[in-house]
Each structure stands twice: as C-alpha cells, then as structure tokens.
Amino acid sequence: MKKINLIVAVCENGGIGIKGDLPWMLKKELKYFSRMTKKVKNPSKRNAVIMGRKTYFGVPETKRPLPGRLNIVLTRNPNAHSYPSNVVACCSLQEALSEIDKSEEIENVWIVGGSAVYEEAMHSDRCHRIYLTEIKKIFECDTFFPVIPSTFKVIENDDDVPYEVQEEEGLMYQYKIYEKVE
Ligand SMILES: NC(=O)c1ccc[n+]([C@@H]2O[C@H](COP(=O)([O-])OP(=O)(O)OC[C@H]3O[C@@H](n4cnc5c(N)ncnc54)[C@H](OP(=O)(O)O)[C@@H]3O)[C@@H](O)[C@H]2O)c1
C-alpha cells in the first residue's frame, strides 16, 4: 500500500481558501506545488492528486484537470457534475486509495485539499508527510486547515524544498515538512 502525503499553503490564521478560491496569488508557490506533485523517480510512472469536489472546480477551467497527474475527485454524488474522461470521481478516500493500489502506474499519492479531505488524510495510517507552506500574513478566509496532530514533527527540508524564506508580491512565506513519528 502506498503512503500518502499532503501539500497545502496556509496563512497565519490557519486559512487556506475563500469563496472557492485561494486567498492569495503566488505564482512561484503554485510552481512549487506543481513541481512537487509531478515529481517521480520512475519516468514511466506518474503521481495521483486527490481532491475534494470544490477544490477541483476551484481550479480555473483551462487548468483542470491538473496536467501530468491522475486527478481523483472526491464527491458523494459523482453524477451531480460532469467530469472529463481522464478524471476519476470517487465516493470516498478509501475508494480512491483502493483504485490507486490496483494501478501499477502511480508512484506517489498527493492529497491536495480541501479541509475535510486533509483532515481525513492526516489521520490515516497511510499518511507520511505534510508539505506545508507557511504564508506569513493574515488573510480573510472561509476555509481552514485542520489542527495537525501532535504525532507530526517538523523535519529538515530535503533538497527539493528550499529552506530560505521566500518573497513574492511583497509576501513572505516558508516551506516546511511535517513527518509522522511512528
Ligand atoms: N491553500 C491551499 O493549499 C488549498 C488547497 C486546496 C483547496 N484550497 C481552497 O479550499 C477551498 C475548497 O475546500 P473545501 O474544504 O471548501 O472543499 P473540498 O474539500 O475541496 O470539497 C468538498 C466536497 O468534496 C467532497 N468530499 C469531501 N470529502 C469527501 C469524502 N471523504 N468522500 C466523498 N466526498 C468528499 C464533497 O463533495 P460533494 O458535495 O460533491 O459530495 C464535499 O462537498 C477553496 O477555497 C480552495 O481554493 C486551498
């Protein structure tokens, strides 16, 4: 069974979204998200991104499904909306992970939001790491990142994750990695 990782950008008040969108526009941070969720060791494989229905439809129409990755959308009512044929709609996280476990072509599994999906995933036995971008400002938000369980500890960034505080559009942010202590 493959482990799962979360990736999220969170502002100082714990917010991740507003009105179906991101509260900020940080192009370099979005490139980091793209690079991390696409990265594979075996070039014949690709990664899966699992997201809630609102996160999927929050991605601009021209940019979804997220390219180069298997997009899995969680919804309790897969027939309520139409999805392109290369998107997999699943009724639960468990169902999504079972589909992935059956497939040989998926290398890494990324949970990309929103709130309830993060919450369920971070409490799963299969959860390994949370890649969290700390945005050093307060934004008005209506969607929040759940409390990280105390079983996760911040570890040293690896070669793919810059240490230094980043600056973009006058905003400061920093990449952190939390890992579950077994
Ligand atoms: N800052 C970040 O890194 C980040 C990342 C992701 C999202 N966001 C933001 O967060 C907001 C969206 O997040 P959200 O929490 O409101 O919604 P969401 O999790 O993206 O979507 C919620 C919907 O997903 C489905 N769902 C969730 N858990 C499920 C489960 N276990 N099984 C089956 N279906 C499930 C349900 O769809 P149905 O109603 O169809 O059943 C539910 O209504 C947006 O503002 C977005 O921009 C930010």
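The structure holds eight salt bridges. It is a predicted model.

**Exercise 1.** Determine which residues of helix H3 are buried and how they are arranged about the axis of the helix.

*Solution.* 
- Step 1. Helix H3 covers residues 93-102. A residue counts as buried under 20% relative accessible area, and in H3 this holds for Leu93, Ala96, Leu97 and Ile100.
- Step 2. Viewed down the axis of H3, these buried residues fall within an arc of 95°, so they line one face of the helix.
- Step 3. Gln94 and Lys102 are exposed, and they sit on the face of H3 turned away from its buried side.

**Exercise 2.** Identify the strands and the helix against which the buried residues of H3 pack.

*Solution.* 
- Step 1. Among the strands, the partners are S1 (4-11), S3 (46-52), S4 (69-74), S5 (87-90) and S6 (106-111).
- Step 2. Helix H4 (115-122) also packs against the buried residues of H3.

**Exercise 3.** Describe the salt bridge between Arg126 and Asp101, and explain why the pair ties together separate parts of the chain.

*Solution.* 
- Step 1. The side chains of Arg126 and Asp101 meet at 2.9 Å, N to O.
- Step 2. Asp101 belongs to helix H3, whereas Arg126 lies in the loop between H4 and strand S7 (127-135); the pair therefore ties together parts that are 25 residues apart in sequence.
- Step 3. Arg126 has a relative accessible area of 10% and is buried, while Asp101, at 31%, counts as partly exposed.

**Exercise 4.** Locate the two partners of the salt bridge between Glu179 and Arg129, and state whether each is buried or partly exposed.

*Solution.* 
- Step 1. The N to O distance between the side chains of Glu179 and Arg129 is 2.7 Å.
- Step 2. Glu179 is in strand S11 (residues 171-180) and Arg129 is in strand S7, so that distant parts of the chain, 50 residues apart, are linked.
- Step 3. With a relative accessible area of 21%, Glu179 is partly exposed; Arg129, with 16%, is buried.

Conventions: Residues numbered from 1 in each chain as written. Predicted model: local features only at pLDDT ≥ 70, side-chain atom pairs only at ≥ 80, totals over all residues. Heavy atoms only, no water. Buried < 20%, exposed > 50% of the residue type's maximum accessible area, 1.4 Å probe, protein only. Helix = DSSP H or I, 4+ residues; strand = E, 2+ residues; numbered from the N terminus. Arc of directions from axis to C-beta. Contact = heavy atoms within 4.5 Å. Salt bridge = Lys/Arg side-chain N within 4 Å of Asp/Glu carboxyl O.
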